[in-house]
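Good morning, and thank you for the time.

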Amino acid sequence: MEHYNMNLTLKVWRQKNKNAAGHFETFQVKNISSEMSFLEMFDVLNEQLIAEGKEPIAFDHDCREGICGMCSMHINGRAHGPWHHTTTCQLHMREYKDGDTIVVEPFRANAFPVIKDLVVDRSGFDRIIQAGGYISVNTGNAVDANALPIEKHDADEAFAAAACIGCGACVAACPNASAMLFTSAKVSHLALLPQGDPERSIRVENMIRQHDKEGFGGCTNIGACEAECPKGISLENIARLNREYLAATFRGGSKNSI
Amino acid sequence: MTLNSKIPAGQIDAKWTTYKSTCKLVNPANKRQLEVIVIGTGLAGASAAASLGELGYKVKTFCFQDSPRRAHSIAAQGGINAAKNYQNDGDSTYRLFYDTIKGGDYRAREGNVHRLAEVSANIIDQCVAQGVPFAREYGGLLSNRSFGGTQVQRTFYAAGQTGQQLLIGAYQALERQVALGNVTQYSRHEMLEVVMVDGKARGIIARNLVTGELERHFGHAVLLCSGGYGNVFYLSTNAMGSNVTAAWKAHKKGAYFGNPCFTQIHPTCIPVSGDHQSKLTLMSESLRNDGRIWVPKKQGDNRKPNDIPEEERDYYLERRYPAFGNLVPRDVASRAAKERCDAGYGVGASKQAVYLDYASAIERYGKVEANKLGLENPSKEKITELGKGVVEAKYGNLFEMYEKITGENPYEVPMRIYPAVHYTMGGLWVDYELQTTVPGLYALGEANFSDHGANRLGASALMQGLADGYFVIPYTLGNYLADDIRTKSIPTDHPAFVAAEKEVSDRINKLMSIKGTESVESFHKRLGKIMWDKCGMARNEKGLKEAIEEIKALRKEFWSNVRIPGDINEFNPELDKANRVADFLELGELMCIDALNRNESCGGHFREEYQTEDGEALRQDDKYMYVAAWEYKGESQYELHKEELNYEVVHPTQRSYK
Ligand SMILES: Cc1cc2nc3c(=O)[nH]c(=O)nc-3n(C[C@H](O)[C@H](O)[C@H](O)COP(=O)(O)OP(=O)(O)OC[C@H]3O[C@@H](n4cnc5c(N)ncnc54)[C@H](O)[C@@H]3O)c2cc1C
Ligand code: SF4
Ligand code: FES
């Protein structure tokens with residue numbers, strides 16, 4: 001692939017900490033190679049800032065392979081930027097051309113307070129999982145893995161739901177800042193498997209309760225989440241969550257729900 | 001101190017059973033009084049913490065990411081081995097044991113490896129029970145694929161996201177224990193010191209990475225599950241934050257470091273594209289199942305790969321190793337790629353790459369599909385279309401990742417690949433119980449040195465991490481803590497905590513006060529270059545000696561000229577990085593010392609002076625059949641202790657994959 005270099009203008013959200021007011025700051029970056037990843041372009045900018053004696057921009061990242069879910073930039077108004085099914089770290093600079101201006105913000109949601117610059121607190125996701133996103137099986141209690149055949153179709157669908165990386169782009173993309181796509185991905189993954197059956201009612205009830213308690217908004221079926229999800233988590237999962245929830249309440253709720 | 005590996009007596013296949021039925025136990029009431037600190041929430045840490053929480057211990061977990069679910073294990077792609085023999089292709093516990101010992105080039109302990117093979121099957125059962133969505137066949141049963149260094153199909157997988165699915169399984173088990181109040185989790189926390197009381201590990205000092213505050217945490221025992229140190233090379237397939245800090249602090253407090261120079265260079269990674277490169281991306285070994293590796297037969301051939309006719313391609317792995325072909329172990333495949341590129345046959349702009357080609361797999365699968373569909377005389381296009389569908393189902397996410405990074409479509413054009421640093425077989429020395437040389441301090445997963453000898457086979461790290469966490473530590477930790485039930489929690493105003501915290505804050509203050517001119521990143525890059533050039537895929541005495549001096553000089557420069565912006569008491573990623581790079585600058589030297597000491601080639605450690613006529617690694621069993629365990633004695637001073645390896649079951653031979 002032919003590569004080229006470019007100069008860019010970046011407008012980046014700066015915020016000292018959770019309580020400080022934030023603002024946009026403008027930077028020029030030069031000689032960015034089209035072969036760089038978006039985060040490598042930020043590395044270049046940060047090295048430049050350090051050399052100038054300024055504070056580099058804080059952003060979350062770790063694997064840089066699109067799987068850990070840590071990176072989280074809102075780029076020109078879109079969670080993880082313009083590429084379909086792509087995390088920020090996998091976006092590459094060949095998307096841009098010389099002279100472009102790029103606006104970068106953190107993932108915004110009341111339930112995701114800013115920690116610094118582009119870094120937000122997504123610990124609410126852990127608490128939603130704690131509320132029921134598991135199968136209660138202690139180590140050592142398992143039967144032989146092949147004693148429980150699972151139809152390939154169900155297994156594949158469960159896998160597709162389990163592919164969620166917990167990045168929060170769905171929340172950032174949603175006008176209501178709802179985390180329903182994330183929550184439904186876990187409910188679906190476990191509801192599609194026979195192992196998940198015994199706890200299906202209590203799981204969906206408690207996870208939704210925690211979702212609301214965290215301050216995530218309600219789902220009004222807008223679909224922006226699905227469009228921005230880097231892992232292609234489908235809205236079907238929200239429909240399934242709703243069915244699970246209805247069934248659970250129809251059964252009079254779970255005896256164990258807290 | 002003489003090293004006691006504590007391998008139980010008896011026949012190889014009875015050792016673990018004997019251990020389990022004779023080790024000491026802790027009763028449930030006492031467990032509630034015992035506190036355990038787990039550093040790391042990857043496969044090893046999350047599985048250990050969840051299992052110990054279930055048993056009733058009071059557990060605290062720490063990770064530097066914003067959630068335990070993001071530990072680097074999440075990135076593992078290809079699969080996890082287990083001796084289930086579901087394929088009826090001749091697999092057994094013994095064979096997995098044998099393959100691992102041989103794959104490790106006879107530098108691993110037989111007792112440990114056999115235990116690993118024994119518990120491997122339980123891992124798959126446990127994961128399935130948790131809801132891990134492994135790939136399945138149409139009949140509903142689990143699917144397997146093959147991996148390098150074996151001739152059976154024993155690898156379980158979930159598309160190219162096996163690590164993610166296994167980690168999410170362990171994470172969910174962990175979060176359940178958090179909900180039940182058995183585990184408290186600390187994310188965005190970095191452990192920076194071990195606290196020792198009366199010669200035992202009794203806690204840690206951790207830094208809250210959001211506020212910068214230092215915290216003291218007590219534990220009756222401390223488990224280090226902090227992963228590998230491949231990032232000492234700067235460029236590796238590891239996540240950006242992966243580091244050696246936890247293990248290194250333990251080392252400086254008395255834990256010996258085992259075989260630090262044993263590094264795995266993975267043959268199939270996307271090649272470096274320029275100076276801006278921040279990390280390297282793995283293309284899973286599972287791709288070698290179906291892909292064929294080649295270079296042009298002509299040196300410096302600049303034609304496009306698809307323009308090079310079949311008879312002008314050199315499938316060098318198939319040529320050199322007919323029995324294993326493209327599935328030779330990683331060390332062998334990596335060296336073979338380097339050999340071809342060094343000899344001038346490399347491809348791509350940098351000429352530091354070889355092709356991994358899917359054309360024949362697409363054709364083969366396409367024909368099978370056409371047959372299944374009952375198509376008579378399918379066109380070439382139809383076959384290709386069907387074949388691409390099969391390849392996409394198996395490796396789709398990897399192909400997509402390749403295309404995102406390189407801008408090239410690997411279904412049409414062969415991928416360019418080159419070896420890259422991937423895994424560290426070395427790590428903290430542990431005995432059979434996973435205890436380091438410091439009482440009460442344990443190391444699990446990639447952080448220990450234990451099971452893979454000089455070369456790890458593919459799909460065995462996930463197996464080892466989960467074996468350690470789910471099935472080994474719950475027994476061996478109990479055996480230690482049974483003697484500790486009378487020890488009350490030590491208050492964290494104890495002088496040992498105060499002193500340890502002061503050590504950490506002094507060091508941080510020192511780093512911040514340097515106010516030099518060069519960034520942490522640039523020191524890290526320079527260290528990485530020394531390591532890759534002189535302690536990488538091929539090593540020699542002269543280069544290693546130079547590297548040691550260069551690293552010392554670089555370390556000195558770092559401590560006098562590093563520039564860390566920002567403040568201590570705030571979210572400051574540059575400071576986090578500086579803490580890690582400072583430790584890499586010490587570890588790098590020890591790796592070179594170890595590589596220099598080991599006058600032989602084995603597995604991933606290739607000393608140019610020691611090779612056979614046809615360029616294969618030449619071991620020196622009479623001199624180096626030992627684990628090199630290094631004791632820290634002060635800056636640049638390390639004392640070597642040897643743990644001799646005894647092979648009672650497998651007879652070491654010159655490894656051959658021909
Ligand atoms: C790209 C890639 C693909 C791979 N594919 C496979 C595969 O297909 N099959 C296979 O078997 N193996 C594979 N491996 C290897 C395998 O993934 C790792 O060896 C294994 O996951 C390591 O697990 P772990 O639990 O030991 O450590 P990790 O998963 O690395 O976890 C380390 C943990 O320690 C924490 N930590 C580290 N330092 C500190 C500190 N100072 N303070 C607090 N917390 C700390 C981190 O936050 C993290 O939670 C792959 C590796 C890579 C890089
Ligand atoms: S559903 Fe998609 S966007 Fe939301 S957290 Fe999961 S992977 Fe991210
Ligand atoms: S850094 Fe891991 S998904 Fe982007």
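The side chains of A:Lys116 and B:Glu570 form a salt bridge, with nitrogen and oxygen 3.4 Å apart; the term denotes a side-chain nitrogen of Lys or Arg within 4 Å of a carboxyl oxygen of Asp or Glu. Between chain A and chain B the count is six salt bridges.

Before going on, a word on the basis: this is a predicted model, in which local features need pLDDT of at least 70 and side-chain atom pairs count only at pLDDT 80 or more, while totals for chains, interfaces and linings use all residues. Residues are numbered from 1 along each chain as its sequence is written, chains are lettered from A and ligands numbered from 1 in the order in which they are written, and side-chain values use heavy atoms, with hydrogens and water left out.

How many residue pairs are in polar contact across the interface of chain A and chain B? The rule finds 50, both residues of each pair being at pLDDT 80 or more. A polar contact here is a pair of N or O atoms within 3.5 Å; within protein, one must be able to donate a hydrogen and the other to accept it, and residues adjacent in sequence count only if both atoms are side-chain atoms. On the side of chain A that touches chain B, the elements giving two or more residues include helix H1 (38–51), strand S6 (114–116) and helix H5 (180–191); these are DSSP runs, helices being H or I with at least four residues and strands E with at least two.

In total, 74 residues of chain A and 76 residues of chain B take part in the contact, defined by heavy atoms within 4.5 Å. Chain A and chain B bury about 6,100 Å² between them, with 52% of it on carbon and sulfur atoms. Buried area is the accessible area (1.4 Å probe) that two parts lose on being put together, summed over both.

I turn now to the interface within chain A. Chain A is divided into domain 1 (5–115) and domain 2 (122–256), with bounds from an automatic or database domain assignment. The C-alpha centres of these two domains lie 30 Å apart. Domain 1 and domain 2 of chain A bury about 1,500 Å² between them, 60% of it on carbon and sulfur atoms. On the domain 1 side, A:His85, A:Ala111 and A:Phe112 lose the most area to domain 2, together 34% of what that side buries.

Which side chains meet in a salt bridge at 3.1 Å, N to O? They are those of A:Arg78 and A:Glu228.
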